[in-house]
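Visitor: Could you take me through the aromatic side chains here, up close? I'd like one connected tour.

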Amino acid sequence: MTRMKLAAIAVAGLGLSAAQAADIEVLHWWTSGGEAKSAAELKKMLEAKGDKWKDFAVAGGGGENAMTVLKSRVVSGKAPTAAQVKGPSIQEWGAEGVLANLDPIAKAGNWDSLLPGVVANVMKYKGNYVAVPVNVHRVNWMWVNPEVFKKAGATVPKTWADFPAAAEKLQKAGFIPVAHGGQPWQDFTVFESVVLGVGGPKFYQDALVKLDQKALTSPTMEKSFDTLRQVHKYIDKDAANRDWNLATAMVINGKAGMQFMGDWAKGEFTAAGKVPGKDYLCMPAPGTEHAFTFNIDSFIIFKQSGADAQKAQSDFATAVMSPEFQEVFNLNKGSIPVRSGVSMAKFDDCAKMSAKDFADDAKAGSLVPSIAHQMAVPAATTGAMQDVVTAFFNSNQSSKDAVAKLAAAAKTK
Amino acid sequence: MASRHLTLGRIVLYAVLAYCVLYYLLPLTVMLFNSIKPLDDLKAGNVMSFPRSVTFAPWVKAWNTACTGVQCEGMKGYFWNSVSFVVPAVLISTLVGAFNGYVLTMWRFRGSNALFMALMLGCFIPFQSILLPMARTLGALGISQSVAGLIFVHVVYGIAFTTLFFRNYYVTLPEELVKAARIDGAGFMRIFHRIILPLSGPIIVVTVIWQFTQIWNDFLFGVVFSSGDSQPITVALNNLVNTSTGVKEYNVDMAAAVIAALPTLFVYVVAGKYFVRGLTAGAVKG
Amino acid sequence: MAMSQPVARERAGLMDMVESALPKIVLAPTFAICVVFFYGYIIWTAVLSMTPSRMLPNYEFVGLERYVELFSNDRWWLALKNLAIFGSLFIFLCLAMGLFLAILLDQKIRAEGAIRSVFLYPMALSFIVTGTAWKWILDPSIGLEKVIHDLGWTAFSFNWIKDPDMAIYTVVIAGIWQSSGFVMALFLAGLRGIDDSIIKAALVDGAPMPTIYRRIILPSLRPVFFSSFMILAHIAIKSFDLVMALTGGGPGFATDLPATFMYAFSFTRNQIGLGAASSIIMLMIVVSVVVPFMYSELRRSDRG
């Protein structure tokens with residue numbers, strides 16, 4: 001090879017590499033079969049654009065371990081490209097000044113018109129987009145085994161006032177009325193459905209999201225705790241520290257009548273070959289038919305230098321918001337697309353109901369963030385409030401005391 | 001000897017031992033049984049039941065195709081990742097511990113005892129507290145997220161124990177050995193190489209076994225200071241078992257846990273004899 | 001040839017200096033590591049505990065504010081209480097169990113090697129594996145209680161792991177299972193190292209076995225007690241993986257230990273200032289327990 005030819009090849013090579021994109025390192029905790037398949041779709045889309053996906057999965061605690069690792073990485077100066085962070089934590093990271101401004105990408109993709117206002121606000125820091133949402137989980141679901149109810153001669157409760165009667169009948173017939181796993185986040189998941197059902201969306205917003213002391217110490221809050229105490233009466237004595245999917249199994253196997261859990265429970269039913277509407281019913285938790293508690297998974301994007309890295313980030317954000325990805329990902333995961341304009345034809349009936357309620361409730365203003373899943377309130381306050389509810393659930397504490405403790409916990413900074 | 005005859009005392013002794021053996025074997029049997037049950041058997045029955053039918057599919061899946069993130073290639077790659085940093089870390093920390101023990105017992109100087117105590121005390125710091133400062137330090141040194149960085153962290157936090165083991169062992173060796181050699185004109189390194197090292201067999205075994213177990217089973221440093229393809233097997237196991245909102249396959253989880261534990265189990269069972277021999281040779285004497 | 005003599009002596013002088021400095025040179029890296037990575041980080045943690053740091057460090061000085069916040073937190077007091085219960089039971093019972101098993105194994109048992117492996121192998125397993133297996137066994141509805149019920153003895157109840165008051169004791173059970181084998185190995189080695197002639201002499205003198213154990217054997221095992229205590233204390237204070245895998249800190253947060261408290265508040269709740277304060281308190285507890293012990297041991301071993 002002559003020197004000229006070599007030089008020409010070298011120059012050509014340089015030109016090529018300028019157009020190549022950088023590695024995209026993505027921190028997430030989707031490690032189970034269904035979730036991994038969904039994330040693999042994103043990887044495929046990005047690789048089609050010439051980007052290289054560098055996986056960085058850390059499971060455990062619904063993100064606890066991942067957050068520890070993320071902090072260490074940022075401190076060591078090697079932040080990943082994107083990380084699975086949701087809710088107010090997005091703003092906390094924004095305040096550290098390490099996130100990229102996604103407004104150009106958002107404008108080009110018209111995000112403001114595709115996302116409900118409530119959701120878009122969570123993705124922004126000081127008015128600029130810093131995160132991109134992936135899906136919407138509905139948390140205020142109730143999963144019911146109709147066979148069990150039929151055998152016990154009970155009707156599925158539509159409000160919390162109906163709950164005790166139905167639960168009594170189930171218990172008398174020898175079933176466990178409520179399948180529950182005694183972990184703090186599950187306790188709070190039930191609690192927030194109770195608050196939503198007893199007090200309505202506006203009360204939920206005032207008390208649990210805005211942390212208004214008047215709402216927190218009101219009689220409605222005490223009534224919520226009373227109702228929670230009632231639910232506690234109807235769980236089995238071995239509920240402590242039970243994983244959520246073992247509780248779902250109790251409903252699937254006909255041992256229990258109902259479970260209050262988010263829409264990821266659907267995956268268990270599907271894996272067991274059950275058909276919605278026939279073998280199991282998905283219904284909004286009592287009293288929350290016209291409200292929607294959302295839990296949105298999202299990715300924050302870190303500031304990166306270099307045109308390659310920035311192109312990769314732009315590809316990433318656009319891919320996540322694309323209708324193709326939203327459809328495929330949510331089909332595999334059991335959640336629903338977060339942006340409007342995605343066809344729900346391939347989704348099952350529960351998902352269709354969810355999507356319709358999402359759109360309707362957004363318009364009606366009854367779309368509320370889940371506290372149990374860190375969507376509404378900073379981590380420190382969430383933790384303190386969870387401690388109060390768990391302590392109440394696992395003891396004989398009076399509702400009055402619990403209300404006082406909750407109000408105090410809400411002041412945690 | 002009288003003790004060989006089947007007296008009541010012997011019967012009681014063996015009965016008590018049998019009972020203890022059951023308590024110790026229980027969890028392993030639970031894990032093994034549940035790793036060969038098909039999933040519906042597991043979910044229907046209790047975890048301590050005998051498998052109604054046996055399948056090795058969970059083992060194959062755990063090794064080859066289980067999902068540990070976006071990639072679903074099982075544990076096999078991570079196995080070698082762990083080996084790649086565990087071996088150097090064990091060797092280096094053992095070597096350093098040996099030299100430290102040697103100096104602290106045979107070449108004492110003023111303050112060497114205080115240094116030893118300071119070393120022992122400092123290792124009590126909870127590892128979670130040092131994650132952030134260590135991350136910053138490794139970042140500044142340019143070795144964060146690399147195998148070198150991970151080895152470094154393990155060596156740093158293993159030195160206290162390796163020094164303890166070697167120091168406690170060398171303290172039982174007669175000082176005359178070294179004194180005589182010094183009079184003969186032998187130097188620091190020569191004495192170590194010719195006299196101390198040949199006598200160190202047992203304690204080297206103990207230290208290597210201990211360090212191997214600690215470092216192989218470590219999760220925290222592995223997850224924080226490694227990344228992507230070079231993650232250790234404990235991280236892969238955690239990703240497999242602790243899925244938050246996905247469907248859990250308990251039998252695959254159990255198989256994966258046993259696979260991750262095989263090297264250390266192997267070391268303890270096979271080298272257990274040398275382990276006790278090494279401890280007998282004086283590792284424990286103050 | 002006369003010239004080389006003084007040069008040789010000079011060179012020898014230089015070599016001597018290097019030689020005498022060599023021990024210190026060898027220890028220097030360890031010393032540096034100790035200063036930077038042990039005590040340096042401890043100081044950093046102490047500094048952090050006096051700041052209002054939330055998610056990432058923020059070096060504003062606020063005095064003992066975090067400590068006040070720490071000690072007015074119910075969960076922290078429960079964690080301390082649990083540490084006292086768990087720590088003392090774990091160390092004491094591991095020592096007792098280890099010694100007991102070692103004495104049993106020392107009786108010239110058949111298949112000693114196999115039985116010894118059975119007692120020793122739990123140490124090879126990571127705490128995550130141990131915690132998960134014991135979580136299943138201790139769960140009333142799928143584990144031990146169910147097996148016994150199925151065998152017919154339905155009055156049997158063993159739901160400690162679900163009981164907020166008793167759950168910490170299940171952590172003790174799993175912890176002892178994991179660590180007592182190692183202590184046993186240490187004691188077995190110690191027992192084997194005792195000079196047989198002393199025991200034979202005592203037997204000839206007519207002393208009963210229990211007295212021999214009490215007067216001769218146990219005292220000579222004192223160094224083993226020291227080593228075991230150091231290692232067990234180390235495991236106890238750092239118990240994190242075991243608790244997380246076995247009970248997740250529950251029921252509620254009934255099995256919280258300072259290590260799990262520190263992790264939850266530092267990383268999950270974005271309150272690293274508070275987490276740092278809890279780390280410093282943990283260290284102070286450890287120092288107050290371990291230092292007197294170590295000091296007396298070191299002095300004794302130097303004299304001996």
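Guide: Let's start with Arg229(A), which sits over the face of Phe392(A), 4.1 Å from the ring centre. That label applies when NZ of Lys or CZ of Arg is within 6 Å of the ring centre and within 35 degrees of the ring normal. Chain C has a case too: Arg269(C) lies over the face of Phe265(C), at 4.6 Å from the ring centre.

A word on the source: this is a predicted model, where local features need pLDDT of at least 70 and side-chain atom pairs count only at pLDDT 80 or more, while totals for chains, interfaces and linings use all residues. Residues are numbered from 1 along each chain as its sequence is written, chains are lettered from A and ligands numbered from 1 in the order written, and side-chain values use heavy atoms, leaving out hydrogens and water.

Now for ring against ring. Rings of Phe, Tyr and Trp (its six-membered ring) pair if their centres lie within 6.5 Å, with planes under 30 degrees apart called stacked, over 60 edge-to-face and the rest tilted. That rule gives 56 aromatic pairs over all chains. In one of them, Trp111(A) and Tyr129(A) have ring centres 5.2 Å apart and planes at 90°, so they're edge-to-face. Both Trp111(A) and Tyr129(A) are buried, meaning under 20% relative accessible area, against over 50% for exposed and partly exposed in between (1.4 Å probe, protein chains only).

Chain A also holds a cluster, in which ring pairs link Trp30(A), Trp53(A), Phe299(A), Phe316(A), Phe325(A) and Phe329(A).
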